[in-house]
Amino acid sequence: MLRVAQALFGVAAALFLILPIVAILPLAFTSSIFLNYPIPGYSLRWFQELGEIAHWRNSIVNSLIIGSGATVLSVVLGTLAALGLRGRGIPFPNLLRTVFLLPMVVPAVVLGVGLQISLAQIGLASSYLGVIFSHAVLCVPFVIVSVSTALQGINPTVERAAASLGASPTRVFRRVTMPLAMPGIVTGAVFAFATSLDEVVLTLFVAGPNQRTLARQMFSSIRENISPAVAAAALLLIVGTLLLALLAAYTRRRTAKVVEA
Amino acid sequence: MNAVSARQRGRAALLIAPLVIFLGVFFLWPLWLMVDVSIRNDAIGGAFPRTAELIGSWDGEAMPDAEIQAALVEDLRETPQSTLGAAVRTLNSQVSGFRTLMGRTANAARDLEDGQTLDLVEVDDRWAEPRFWQAIQTSVAPYTDRNLLAALDLERSDTGEIERMAASASANRLIIWRTFAIAGSVTVLCALIGLPYAMLAASVTGWKRNALLLAVLLPLWTSLLVRTAAWFILLQNEGIINKTLIGLGWIDGPLPLIFNRLGVVIAMTHVLLPFMVLPIFSVVSAIPKNLMPAAASLGARPLRAFWRVLLPLSMPGLLAGSLLVFMVAIGYYITPALVGGPNDQMISSVIAFYALQTANWGMAGALGILLLAVTTVLYLVYGRLSRGGAPTGA
Amino acid sequence: MTAFIELRGVSKTFGQVTVVEGLNLEVRKGEFLSLLGPSGSGKTTILMMLAGFEGATSGDILLDGEKIDHLPPYRRGMGVVFQNYALFPHMSVAENVAFPLEMRGVPKSETRPRVKAALDRVQLGHLADRRPDQLSGGQQQRVALTRALVYEPKVILMDEPLGALDKKLREEMQLEIRELHRRLGLTIIFVTHDQSEALTMSDRIAIFDAGKIAQIGTAGEVYDHPHNRFVAEFIGETNLLDGVVKGPAAVELTNGATIVAPDHGYAAGSRVSVSIRPERLRLDGNGDNRLQATISDVVYQGDHLRLHLDAGALSLVARLERGAAERRTGESVTVSFAAADCSVFAA
């Protein structure tokens, strides 16, 4: 009796979590102009629209530009800082770590107001650079967390062994530390890109009409005139995130094999 | 060996410096600017620079001395008409009568020839009343608590006491209250679903556990916007839920599920549920497996064993999850904006409204400070809790 | 003998795997019975069935003549001491010990002195307000024991209770538990994979092999007269000599020698193994049986010497007290032993 109730609850809760996401996907292929079931017929017209209508196409391009920029920036800054935090001799390492993770906690709207004011003061309002910097702030914590985790997993004796075998500190870093940290860096990059891809609030505050991202575009079309193009865009986002996750998993496995070998 | 060479230290600092600078410029400075803009008071101080410098020393009762009076006259002569106009309008909104008073005095000041002094009371006998001087004194201060007070529907009276604004003037308290209410209901719902779910996931093994965890992680990996859009589609009047219910004959017309509180709470619960499940799961799955059998062997019935052993041991996870959900929920913007109605907008929406629609950064900043303060306190508590839960963790 | 606890034809299967098969076992009141066996031999499963955490697939479990199969764990009233103790980490030592009394509705006023007395008995009174994680392993072990004893259960079940302690503490606790058993007249069923622990503590030992009892008996019985190869090898060290039965008490070994063994009942021509403990082998020529051998190695082991011997196709190990004549590798010797010290079973 209790077993049955448990199973029912588990299934119901899991469906509550999964079904909404699954439900939106088929609508990307509807031939109707309504974002709704039942689907009268299947077509790729909404994907065509994403590619042909200027504001959708531009928003996809913008998302790729801004996402790449924010990813590169946050991965470089975050990885360097994670390496720095690993070494001893940094004053207040815990405080620094907390500050580095803070962008994850501060409400996006609050940071948005601040960035809107500050970017205007340094002439970066409504610029690609401004949006990239803003997104990178949000991406940094993810990079820090995943790179730090990877670095923590490195057994220091491995690095000592490399040194004892005659490798200089630079070569130890290049041949041992970096390859072992790589999965963490890739995971961090994937999280960073996905974060930027999904970012709406900061973009609302700091981007001009020329920097509208896909997420931002979806936000306004859900708000103003919802159409199956939103479902098509959602599918793109899901597929994009999924591909990135697979890429991360693949690198992780490959590195694991290299380490084992 | 604790000695760290200066070179090592230098290298570590060099590695960290770029991020420190970057976050300094694009994270901490913006937050500071937001705080600054909400408390800075340039409009009036900028129009009366000389007066601002001197009036601070005035005792607030007797007629200000000649030096201060002369400074005011000088300001009225020198400040450009446009700057002065804006400042006087602001002053007038605090104490009515300022517009005519200042207008008359400014004219007299401009007509004044060099070297002469102006007897202000002679120009307008209202200058003998301390309240006008008091208004100037408080208004020219470089910082003001006006916006912060207004964020809580408070204001200062003419005499400087803090009092509540007229009920019609502002609705911030209502919105703060609503923000807490929505975040609170979402937290409770997440706990009601998340606690048994996490316990179930921790109690099973193999594919069942993996499936239950995947169901939590999949939404976490999916774009927030996609999930909100999905709820938009499900909840609309012609959406699947209403159509199914009508098809089953359970209801005649569509239930109002979207653009209201119910829709916001359902969608936010879905979005935030993983933040509840994961901390609880990590705590529950670390509870030794033999404690429940031990309780049973000592005579505890299943319900009592749950109540006395499993639940207390799960508490740190439940607390951490609830704090996390609540903390994230009070800052939510997108979900209420898309599936909520006008009466479901939370504090973030009001901040966005002030900043994006009316360019009132003072108010946006003040409400932002409030939200930031609450979030920070919750985060500190959360940090302390999760450290306390794992005393061995570095 | 009246059985206090009785298992009748108890089997337990998990899916395809049979963990316990047709088990019959009787435990007397006040007896200390050890269930000994390698991991996976089913001994813990039996304990869990007794405690009520696992149901038997078939068969009956009786306590004091009454079937208890249908009773849930919390109504069996057995004290269980778990592996790793299973102390409640969110409760103090005193609260842990008070827990079973609380579950039985014992009034608070009565609980307090009982808990205090119980803790004082094991010298833990001064730690009553500590949390379990502030105690040492030995102290945690005592709390777990006290918690299982405080409500005076009829039976105490212990699942590898000393497995997490270091050797010295382990030996101390073994004596302490034995002392408790004697003083309180407890019936204890004790699961362990450590043979010396089982030999030290038990009235009887049940040795398990793949879900069945390979042999049950006193320490002396199972050590001196193993019934089968498994028991002979599992308990202590032994020499196993393969051979063929030649007569009622004669076995021809693979090196061609014929030895006298106790009457074993195997028909002539059967293939058998003869087990003889290393300390029963002698080099002084006394005994019913003699084998010619060469010393291949001498190992110094502190209080005794181990000799590795080659006797044609057979390898033997002998354990000699020190102080006997000096022995050197390569020396030829005559190994002798008494027929009564041999055990014979099917190969």
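How far apart do the C-alpha centres of domain 1 and domain 2 of chain B lie? They sit 54 Å apart. The assignment puts domain 1 of chain B at 43–144 and domain 2 at 172–389, with the bounds taken from an automatic or database domain assignment.

Some housekeeping before going on. This is a predicted model, where local features need pLDDT of at least 70, side-chain atom pairs count only at pLDDT 80 or more, and totals for chains, interfaces and linings use all residues. Residues are numbered from 1 along each chain as its sequence is written, while chains are lettered from A and ligands numbered from 1 in the order in which they are written.

Now to chain B and its partners. Between chains B and A, the contact takes 66 residues from chain B and 65 residues from chain A; two residues are in contact if their C-beta atoms, placed from the backbone, lie within 7 Å. On the chain B side, helix 1 (residues 6–39) gives the largest share, 19 residues. Helices here are DSSP runs (H or I, at least four residues), as are strands (E, at least two), numbered from the N terminus. That side of chain B divides into 51 nonpolar, 10 polar and 5 charged residues. Ala, Val, Leu, Ile, Met, Phe, Trp, Tyr, Cys and Pro count as nonpolar, Asp, Glu, Lys and Arg as charged, and the others, Gly among them, as polar.

Chain B also meets chain C: 18 residues of chain C touch 15 residues of chain B. Helix 2 (residues 93–103) of chain C brings the largest share of its side, 3 residues. By type, the chain C side has 13 nonpolar, 3 polar and 2 charged residues.

Leaving aside neighbours within four places in sequence, Asn290(B) contacts Phe82(C), Gln83(C), Asn84(C) and Ala86(C).

Over in chain C, helix 4 (residues 137–149) is mostly covered, with 10 of its 13 residues buried. Among them are Val143(C), Leu145(C) and Arg147(C). The buried residues pack against strand 6 (79–81), helix 2, helix 3 (108–121), strand 7 (155–159) and helix 5 (167–184) of chain C.

Conventions. Buried ≥ 20, exposed ≤ 12 C-beta atoms within 10 Å, placed from the backbone.
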